[in-house]
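Colleague: Please look closely at one stretch of this model for me. I would like its side-chain contacts and surface described, with the cut-offs stated.

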Amino acid sequence: MWNIPNILTSFRILLIPVFLIIYYLPGQDAHFWAAFVFAVAGFTDALDGWVARKFNQFTKFGAFLDPVADKVMVAASLVVVVEHYATWWISIPALTIISRELVISALREWMAQIGRHDQVKVSNLGKYKTIAQMVAIGGLIWEANTFVIVTATVLLYVAFVLTLWSMGEYLRAAWSDLSQVD
């Protein structure tokens with residue numbers, strides 16, 4: 001159970017309170033260091049998947065914990081971003097992204113229960129959404145200058161569009177099962 005991918009995933013979970021503590025520290029460098037911790041978490045997410053594939057280190061524990069770690073880190077970071085900016089143009093895409101994660105997690109769990117998990121596997125569209133959202137969130141946390149904030153906001157909207165698109169694709173893939181009458 002304790003292979004490198006699972007250790008990296010567990011480390012990512014431990015980074016969540018570290019991220020939040022650093023984010024709320026007083027001082028002008030706090031957001032830079034919080035963005036750094038967020039980037040380390042994103043890197044460990046990519047690394048644990050790569051190691052698992054490269055060395056065939058898949059476990060049921062990792063299959064469960066990895067998406068949980070990702071979703072909790074993204075939700076926690078988006079909550080602080082929404083709180084910090086306190087504007088509708090940040091809140092709407094951020095809360096849509098969080099909502100999509102909940103909907104798709106529930107959909108995947110339900111599809112697995114009925115033996116149709118392959119219908120809603122992670123797609124390339126979902127991976128592109130994740131990349132855009134991680135870069136956007138990191139930039140919004142860091143808020144180094146106007147260029148970073150504007151670029152991050154544009155990427156947040158790219159992630160928002162990809163969020164809606166990928167959610168639509170997952171729901172379309174599962175629609176025949178969802179629309180059956182018992």
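In which helix do Glu 169 and Arg 172 both lie, and how many residues apart are they?

Modeller: The model is predicted, so local features need pLDDT of at least 70 and side-chain atom pairs pLDDT 80 or more, while totals for chains, interfaces and linings use all residues. Residues are numbered from 1 along each chain as its sequence is written, and side-chain values use heavy atoms, without hydrogens or water.

Both residues lie in helix H6, three residues apart, which is about one turn of the helix. Helix H6 spans 146-178 (helices are DSSP runs of H or I, at least four residues, and strands are E runs of at least two, numbered from the N terminus). Glu 169 and Arg 172 form a salt bridge, with 2.9 Å between the closest N and O atoms (a side-chain nitrogen of Lys or Arg within 4 Å of a carboxyl oxygen of Asp or Glu). Glu 169 has 33% relative accessibility and so counts as partly exposed, whereas Arg 172, at 56%, counts as exposed (buried is under 20%, exposed over 50%, partly exposed in between, with a 1.4 Å probe and protein chains only).

Leu 171 also lies in helix H6 and is partly exposed, at 30% relative accessibility. Leu 171 belongs to a nonpolar surface patch with Val 103, Trp 110, Ile 114, Trp 175 and Leu 178, and together they have about 510 Å² of accessible area (by Shrake-Rupley with a 1.4 Å probe, only the protein chains shown counting as cover for residues). Patch members have over 30% relative accessible area and no salt bridge; like charges are joined within 9 Å, and nonpolar side chains (Val, Leu, Ile, Met, Phe, Trp, Tyr) within 5 Å. H6 gives the largest share of this patch, three residues, and helix H4 (88-113) supplies at least two.

The salt-bridge rule gives a count of nine. Arg 12 forms another salt bridge with Asp 66, at 2.5 Å between the closest N and O atoms. Asp 66 lies in helix H3, so that pair ties together parts 54 residues apart in sequence. Arg 12, Asp 48 and Asp 66 are linked in a network of salt bridges that also includes Asp 45 and Asp 70.
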